[in-house]
Amino acid sequence: MIDKKKLIRAAIQAREYSYSPYSGYCVGAALLTADGKIYTGCNVENAAYSPTNCAERTAFFKAVSEGERSFCAIAVVGSPKGALTQYAWPCGVCRQVMFEFCDPESFNVITAVSEEIYEERLLKELLPLGFGPDNVK
Ligand code: THU
């Protein structure tokens, strides 16, 4: 059973570290591995803009670069600086990164405005008919 409240809490904490001086849009993510570990991430912006990394990809790259390959769920929280006022569904690039490492039939994407108020979708709903590792085998 996924402890969704714990995962959302971790994403909310990670958002505190958001480096977003250009957009002012602060995002946090918490990625749950199959064996129950949580890797967090925030968005990291750049004066040249395009090197900006989303919170979800920060969490994935931290986890993958430490040897993790199996994931169950991710919680994402994002809003302009301050209170969480909206659901922040992952951007297309982050969905593609998820598709590389996760089973679209079971990977759970949660976006929240609080521990109690959230929505969730399977990755296959967010990226139907995706291009992934199976295509290039
Ligand atoms: N951002 C994320 O961190 N995740 C997303 O899925 C969408 C956008 C960040 C990138 C940028 O720093 C800011 O939000 C505004 O686009």
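**Cysteines and positive phi values**

Leu-129 is found in the segment after helix H4 (123-126); helices (H or I, at least four residues) and strands (E, at least two) are DSSP runs, numbered from the N terminus. The model is predicted, so local features need pLDDT of at least 70 and side-chain atom pairs count only at pLDDT 80 or more, while totals for chains, interfaces and linings use all residues. Residues are numbered from 1 along each chain as its sequence is written, and side-chain values use heavy atoms, with hydrogens and water left out.

**Backbone**

- Most residues other than glycine have a negative phi, and most peptide bonds are trans.
- Leu-129, although not a glycine, has a positive phi of about 55°.
- With a relative accessible area of 89%, Leu-129 is exposed (exposed means over 50% relative accessible area, buried under 20%, and partly exposed in between, with a 1.4 Å probe and protein chains only).
- Tyr-49 is likewise not a glycine and has a positive phi of about 65°.
- The loop between strand S2 (38-42) and helix H2 (55-64) holds Tyr-49, which is exposed at a relative accessible area of 58%.

**Cysteines**

- The structure contains zero disulfides, a disulfide being a pair of cysteine sulfur atoms within 2.5 Å.
- Cys-102 takes part in no disulfide, and the nearest cysteine sulfur, in Cys-72, lies 9.1 Å away.
- Cys-102 is buried, its relative accessible area being 6%.
- For Cys-54, the closest cysteine sulfur belongs to Cys-94; the two sulfurs are 3.8 Å apart, which is too far for a bond.
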